[in-house]
Amino acid sequence: MGDPVLHSIASPVGEVTDEIRTLVADMFETMDAAPGVGLAAPQVGVGLRIYTYSYPDDDGEPWRGVILDPVLWMTPPEPGTPDDDDESEGCLSFPGERFPLRRSDEVRVTGTDLEGAPVEIHVTGWRARIMQHEFDHLNGILYIDRLDDADWKTVQKIARKRGWGRPGSSWQPGVDDIDA
């Protein structure tokens with residue numbers, strides 16, 4: 001929170017290079033160490049349109065991948081107040097907290113993989129939430145930016161207390177205490 005790259009629209013990837021492959025490998029490592037279910041390149045200080053994701057399938061196997069230059073289509077979310085239990089999410093850019101946020105229950109994402117092959121994902125439920133959350137990062141939006149006024153005020157109090165929201169503030173997943 002506060003780093004300019006997190007609040008800017010990310011640039012297209014274009015050609016996949018060895019540097020991009022290394023970045024993606026590092027993103028998977030960071031996401032797993034956090035632990036998280038998704039990670040966008042801006043969250044590691046790189047303003048490119050890339051995100052990784054990982055979430056267990058119904059059989060416990062990982063649903064895992066990377067999307068470069070994604071495009072997202074979604075059905076409109078149901079109107080109403082989000083459920084505190086079923087619709088709360090967190091973010092590695094505002095770690096240790098969870099807030100309720102209404103999201104669409106169904107999305108389709110297209111893009112490319114690391115080999116330049118087309119990717120198309122059609123998902124519902126938590127997987128749709130992950131896709132929307134990570135896609136938001138590529139457009140300079142943190143999930144806390146979408147919260148209602150009461151939760152937004154709570155976020156601001158937490159950020160002030162922890163000294164977050166200023167350029168240069170960071171934490172290393174698996175290393176730093178998030179309450180610092």
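Where is the place of Ser93 in the chain? Ser93 sits in the loop between strand E4 (88-91) and strand E5 (94-100). The model is predicted, so local features need pLDDT of at least 70 and side-chain atom pairs count only at pLDDT 80 or more, while totals for chains, interfaces and linings use all residues. Residues are numbered from 1 along each chain as its sequence is written, and side-chain values use heavy atoms, with hydrogens and water left out.

The overall layout comes before the single residues. The protein chain has three helices and seven strands; helices (H or I, at least four residues) and strands (E, at least two) are DSSP runs, numbered from the N terminus. Read from the N terminus, the order of elements is α-β-β-β-β-β-β-β-α-α. The radius of gyration of the protein chain is 16 Å, close to the 16 Å that the globule rule gives for 180 residues, so the chain is as compact as a globular protein of that length. That radius is taken over C-alpha atoms, and the globule rule is 2.2 Å times the number of residues to the power 0.38. Along the principal axes, the C-alpha atoms fill a box of roughly 45 × 35 × 30 Å.

Of the 180 residues of the protein chain, 46% count as buried. Buried means under 20% relative accessible area, exposed over 50%, and partly exposed in between (1.4 Å probe, protein chains only). The accessible surface of the protein chain comes to about 9,500 Å², and 49% of this belongs to carbon and sulfur atoms; the areas come from the Shrake-Rupley method with a 1.4 Å probe, and for residues only the protein chains shown count as cover. Among contacts in the protein chain with a separation of 6 or more, residues 24 or more positions apart account for 63%, where contact means heavy atoms within 4.5 Å. The protein chain carries 16 positive and 34 negative charges, whose mean positions are 8 Å apart. Lys and Arg count as positive and Asp and Glu as negative, without His and the chain ends; each charge is placed at NZ of Lys, CZ of Arg, CG of Asp or CD of Glu.

The peptide bond from Ala34 to Pro35 is cis, with omega near -15 degrees, and Pro35 belongs to the loop between helix H1 (18-33) and strand E1 (38-40). Asp69, in strand E3 (residues 62-74), has a positive phi near 50 degrees although Asp69 is not glycine. Asp69 is partly exposed, at 25% relative accessible area.

Strand E3 also holds Val71, which is partly exposed with a relative accessible area of 38%. Val71 and Gly111 are 40 residues apart in sequence but 6.2 Å apart in space, C-alpha to C-alpha. Beyond its neighbours within four places in sequence, Val71 is in contact with Arg108, Val109, Thr110 and Phe135.

To return to Ser93, this residue is buried, with a relative accessible area of 10%. Its side chain makes a polar contact of 3.0 Å with that of Gln43; a polar contact is a pair of N or O atoms within 3.5 Å, and within protein one must be able to donate a hydrogen and the other to accept it, with residues adjacent in sequence counting only if both atoms are side-chain atoms. Not counting residues up to four places away in sequence, Ser93 touches Met1, Leu6, Gln43, His137 and Leu142.

Helix H2 (residues 125-138) contains His133, buried at 7% relative accessibility. The side chains of His133 and Glu89 are joined by a polar contact of 2.6 Å. Leaving aside neighbours within four places in sequence, the contacts of His133 are Glu89, Gly90, Cys91, Arg103 and Tyr143.

In strand E5, Phe99 is buried at 6% relative accessibility. The C-alpha atoms of Phe99 and Leu147, 48 residues apart along the chain, are separated by 7.7 Å.

Asp113 lies in the loop between strand E6 (106-112) and strand E7 (118-124) and is partly exposed at 22% relative accessible area. The side chain of Asp113 reaches the backbone nitrogen of Glu115 at 2.8 Å. Apart from neighbours within four places in sequence, Asp113 is in contact with Val16, Val66, Leu68 and Val119.
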